[in-house]
Structure formats: C-alpha cells, structure tokens
Amino acid sequence: MTQTHILEVRHLHVDYNGYAVLKDVSLSVTRSSITVLVGLNGAGKSTLLKAVSGLKAWSSGDIVFAGTSIAGEKPAMLVSRGLLQVPEGRHLFPRMTVLENLELGGYLRSARQRREDLERMFHLFPVLRERTDQLGGTMSGGQQQMLAIARALMGSPKLLVLDEPSLGLAPLMVAEMFRMIAAIRDEGVSVLLVEQNVKQALAHADYAYVIDRGCITLEGPGSELAGSDEIHAAYFGTAAH
Amino acid sequence: MTFTLFLDLLAAGLITGGIYAIVAIGLNLQYGLMRVMNIAHGEFLMLGAYLTYVLHTTLGLNPLATLPIAMAALFLVGLLVHRLVLRRLVHSSPNIDVFEARGLVASFGLMFVVQNLALMVWGADLRGYTYLAEPLQLGGVIMPHNRLLVFAVVVVLSAGLIAVLRFTLIGKAIRAMMQAPLGAQLVGIDTARLHPWCFGAGLALAGVAGALLSMVYEISPGMGEPYTITALIVITLGGYGSIVGSLAAGLLLGLVETFGMHFTSPSLKMVLSYAVFIGVLMFKPKGLFAK
C-alpha cells in the first residue's frame with residue numbers, strides 16, 4: 001500500500017446469512033481528498049461502511065487504514081486510530097446538550113485537547129456556539145447534521161466517513177453541508193462520502209466510485225463521472241447532454 | 001387531615017420512595033443501558049439485606065458501616081453474573097431483541113437460584129435487628145432515627161450518582177450509551193468493556209437498598225420480589241434510561257402508595273402501584289417525563 005492512500009479496501013467480500021452483499025469490492029481513499037461512493041438503495045453502501053467502521057466482519061479480502069489492517073478491530077479502537085464515522089441517522093445523544101455531545105466526541109482525547117478542539121468546532125460551526133445548552137434532539141435536521149459532523153471532528157479524524165449527510169435536509173442546507181465538507185478536506189482530513197444526492201456529491205468529489213449490486217461498476221475523478229452516460233442513465237434516466 | 005398527619009405521610013412517602021428510586025436506578029442501569037430485564041434484581045437487594053444482617057449480628061459491625069461493604073460485594077457479584085451469564089448471551093444472541101428475551105429468561109432462573117440459596121442458608125424465618133429505633137420528634141412528626149438515616153443515605157447516594165452521570169466524562173459516556181448505543185460506539189466508547197461495570201453498579205445499588213431496608217424492616221429470602229416489580233413500574237414511569245426520571249418517579253410512587261394506603265387500606269398497596277403502572281402504560285407509555 002502506498003502512503004498516499006489513507007484507506008484501502010481490497011477485494012472485500014461480505015455475506016449476510018449466506019447471501020453475498022459485497023462481491024470483490026476494491027476502492028481507496030487518497031489522503032486529504034474527498035472520495036465519493038454512490039449507488040442505489042441496497043447496492044451495498046451501508047454494508048461497506050459498517051465493515052470500514054468495525055461493525056461488520058467480512059468473509060475475505062481486507063481493509064487497510066493508515067497502513068495497517070483493521071481486521072477484528074472494534075469501533076472504539078478505530079476511533080482511537082483516527083477513523084471516524086458519521087452514520088446515517090446521525091445517532092446523536094438526543095437528551096444531552098450540544099456541549100455534551102461535542103465533549104463525548106472527544107471521549108478518547110485529553111481534557112486539554114478537548115478544550116482546544118471545542119474552540120475549533122465553534123469557529124467552524126458558529127451556530128453550535130450559540131446553542132451549547134440546547135438538547136441535541138431538539139435541533140433542526142441541518143443543525144443536527146452539523147453537530148454530528150462536529151462531534152466526529154472532535155475525535156481528530158484522519159479519515160471521516162460520512163453516510164448520507166444530505167438526507168432529509170433542505171436544498172440550501174445541502175449546499176452548505178457540501179461547502180463544509182470541502183472545508184474539512186482543506187484542513188487535511190480525508191473524507192469518504194456516501195451519497196444518494198449524486199449530482200452534488202460528484203460535483204465536490206476528487207474521486208468517485210459507483211457501486212451496484214455489491215460490485216464497483218465505475219470509478220474516476222468526480223467531474224469525469226458527473227458527465228458519464230452511465231451515471232446519467234442510472235440516476236437521471238437520460239444520457240448526458 | 002391535620003398538618004402533622006400530612007407531614008407524617010409526606011416523610012414516610014419520601015423515605016419509601018427514596019428506596020424505590022435507588023432500586024429502580026439500579027434496574028435502569030441494567031435495562032436502560034443493556035436491555036437486561038433483570039427479574040432477579042430484587043434478589044440482589046435481599047442479598048444486601050442479609051449481608052448487613054450477618055455482619056451486624058455476628059461481627060457486631062455498625063449497619064451504617066456495612067453499606068460500602070454491601071455495595072462492593074454486590075458490585076463483584078454483578079461482575080461475576082455478567083461474566084458467567086450475560087456475556088455468553090451477548091455472544092450467542094443474533095440481535096438485541098433475542099438477547100433481551102434470553103436475558104429475561106436467564107434472570108428468571110437466576111431469581112430462583114439466588115432465592116433458594118438464601119432459603120437454604122438462612123431459612124424462611126423473618127429476621128431482624130434493632131438499630132437506631134428510638135423515636136425522634138421533628139416539628140410534630142415522630143419518626144425513628146433509622147428512617148431518617150435511610151432517607152439521608154438515599155439522598156446522598158442519588159445526588160452523588162446524578163453528579164457522576166452529569167459532570168464526569170465517564171458518567172456522560174454511560175448516558176450516551178443509553179441514549180444512542182451506536183453513536184456511543186462511534187465516538188470511541190468501548191461499550192463491551194463498560195457494560196459489566198454498569199451491571200455491577202446496578203447490583204451495588206440493589207445491595208445498598210437492601211442493606212438500608214434491613215435497618216428498618218424485618219428481612220426474609222422472599223423480600224426482594226416486590227421490589228423488582230416496583231422498580232419495573234418506576235423505570236417505566238420515569239422513562240427507560242433516564243436516571244433523574246427514575247429518582248422522581250420513585251419518590252412519586254412512594255408518595256402515592258403512602259397517601260393512598262392511608263386513605264384506603266394498607267392491603268391495597270400493590271393495587272395502587274399497579275393502577276399507577278397501568279395508567280402510565282395507557283396514557284404515557286414513554287414515561288411521565290418523555291417529551
């Protein structure tokens with residue numbers, strides 16, 4: 001593995017009750033880049049993310065993070081190594097304040113690091129500073145998504161994995177979200193983004209993969225895929241141009 | 001009703017309710033956190049009561065001094081039970097629902113085992129000792145010292161527990177695990193490592209509640225069962241996973257029972273509890289304080 005890649009998924013096979021969900025999936029995430037994975041519902045995106053986060057074992061192949069295999073590692077261990085995920089549905093702590101949610105994001109960091117990171121987060125997401133005492137579960141969808149991303153950033157990720165961050169957000173909020181993700185990348189964090197919002201996702205992707213029925217069917221720079229006929233046929237029902 | 005009688009009932013209700021709260025918080029740590037509906041919870045309360053009884057009557061230890069011993073002993077019992085029973089179930093259950101069902105059945109078995117072990121060792125007789133039973137007069141209310149002591153301990157314990165859960169990182173992590181188990185894992189909280197500790201803490205609370213009860217009431221191997229039921233009612237009332245809710249609901253149930261029994265009949269105690277329980281299930285199934 002070359003050190004230009006923070007994450008490398010190699011020939012991954014995953015089964016659920018004997019049914020193959022991922023079949024020989026290989027992809028890699030370049031350091032300080034946004035890599036996008038798109039695919040229809042049931043294509044295997046969530047399964048792949050579960051495997052990457054240590055929540056699902058695989059039957060063959062390997063996942064290598066920062067030069068070392070993550071086989072058999074529990075989520076908490078991966079977090080300490082700098083692999084953080086914002087899951088679909090966010091899984092915030094709804095009856096805890098914004099501040100508490102953020103503090104727990106830095107659960108494995110020292111108190112001093114937590115204080116410093118907290119300041120950084122408030123700088124990056126000013127809306128959170130205004131709402132430190134609000135309960136996570138009472139915020140709007142967009143604010144919750146910001147909080148979920150900020151909570152993950154509190155863990156000082158090398159790789160941030162985002163599962164459908166635009167789901168259920170208003171269009172204006174979606175645009176803001178993608179700007180935010182680009183800003184995070186520009187700070188040196190690698191991003192693996194799974195999205196159904198194909199158009200926006202590809203527009204922001206440095207590199208992208210298309211997954212279909214458990215296989216990677218297409219890959220290339222985001223701008224290239226955005227113009228491809230296959231993508232247009234699959235997602236917009238028409239050919240490009 | 002005279003004002004003195006009102007104060008009398010209020011004090012009695014808060015003391016009973018305080019015990020309910022401690023027992024229920026213990027059960028909530030098990031059910032709210034890891035979905036272990038520990039039907040044997042009351043049996044561990046009984047063990048705490050006998051431990052204090054034995055340490056006091058054979059070694060002459062001050063019952064108050066046995067409280068930390070009862071807590072520590074039951075905490076260790078909790079680690080052991082988790083290791084021998086629950087850990088296996090976690091590994092052998094395909095999902096959390098199956099785990100919950102199996103945990104329920106396993107804890108049923110545990111209830112019979114622990115209760116019958118106590119019967120073998122101590123027999124079925126009621127046992128008790130006298131401790132600080134002299135009455136104390138406070139503004140017209142006459143109350144034995146031991147009850148006030150029980151209430152003071154309950155207040156200190158609950159306040160301490162809430163402070164830990166609210167202000168320390170580990171306490172916040174425990175609340176986080178209750179509110180969003182997956183979210184907790186994804187911020188790096190090692191839930192598998194914390195679960196046995198929380199189960200132990202739940203039993204420690206049952207143990208200390210039992211130890212406190214032994215100062216006030218007579219004890220027997222079957223004393224724990226009603227407390228399991230009451231704890232179940234309290235955590236439903238207060239909300240699964242809400243510690244402050246359990247505290248408030250425990251106090252409330254204690255008051256409802258005490259005042260209710262005064263105005264109806266002491267034999268209706270369980271009827272009153274169940275009426276509250278059924279009422280909550282019908283009208284506020286997510287708990288009194290759910291938003």
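Tutor: Strand 7 (residues 159-163) and strand 8 (residues 190-195) of chain A pair in the parallel sense over 5 bridges. Helices (H or I, at least four residues) and strands (E, at least two) are DSSP runs numbered from the N terminus, and two strands pair if DSSP finds at least two bridges between them. This is a predicted model: local features need pLDDT of at least 70, side-chain atom pairs count only at pLDDT 80 or more, and totals for chains, interfaces and linings use all residues. Residues are numbered from 1 along each chain as its sequence is written, while chains are lettered from A and ligands numbered from 1 in the order in which they are written.

Student: Which residue of strand 8 of chain A does V161(A) stand opposite?

Tutor: Look at the pairing of strand 7 with strand 8 in chain A, which is parallel. The residue in strand 8 opposite V161(A) is L192(A).

Student: Which strands of chain A stand at the edges of the sheet?

Tutor: The sheet is open, with 6 strands in the order 6-7-8-3-9-10 and mixed pairing. Each edge strand has a single partner, so one side of each is left without a neighbour in the sheet. The edges are strand 6 (83-86) and strand 10 (215-220) of chain A.

Student: By what angle are neighbouring strands of this sheet turned against each other on average?

Tutor: Axes are lines fitted to C-alpha atoms, for helices over the stretch in contact, and angles run from 0 to 180 degrees between N-to-C directions. For this sheet average, direction is ignored. The value is 20°.

Student: What angle does helix 1 of chain A make with strand 7 of chain A?

Tutor: Helix 1 (residues 45-52) of chain A packs on the sheet. A contact means that two C-beta atoms, placed from the backbone, lie within 7 Å. Helix 1 touches strand 3 (34-38), strand 6, strand 7, strand 8 and strand 9 (207-212) of chain A. Its direction makes about 150° with that of strand 7 of chain A.

Student: How far apart do the C-alpha centres of domain 1 and domain 2 of chain A lie?

Tutor: Domain bounds come from an automatic or database domain assignment. Domain 1 is 1-82 + 158-170 + 189-241, and domain 2 is 91-156. Contact joins 8 residues of domain 1 to 7 residues of domain 2. The centres lie 25 Å apart.

Student: How many residues of helix 3 of chain A are buried?

Tutor: A residue is buried if 20 or more other C-beta atoms lie within 10 Å of its own, exposed if 12 or fewer, and partly exposed in between, with C-beta atoms placed from the backbone. Helix 3 (residues 98-105) of chain A is mostly covered. Its buried residues pack against helix 4 (111-124), helix 5 (126-130) and helix 6 (141-153) of chain A, together with helix 6 (169-179) of chain B. The count is 7 of 8.

Student: Which element gives the largest share of the side of chain B that touches chain A?

Tutor: The contact takes 15 residues from chain B and 22 residues from chain A. On the chain B side, helix 6 and helix 7 (181-186) each give two or more residues. The largest share, 6 residues, comes from helix 6 of chain B.

Student: What percentage of the residues in chain B are buried?

Tutor: Chain B has 11 helices and 2 strands. Its C-alpha trace spans about 55 × 45 × 35 Å along the principal axes. Of its 291 residues, the buried ones make up 47%.
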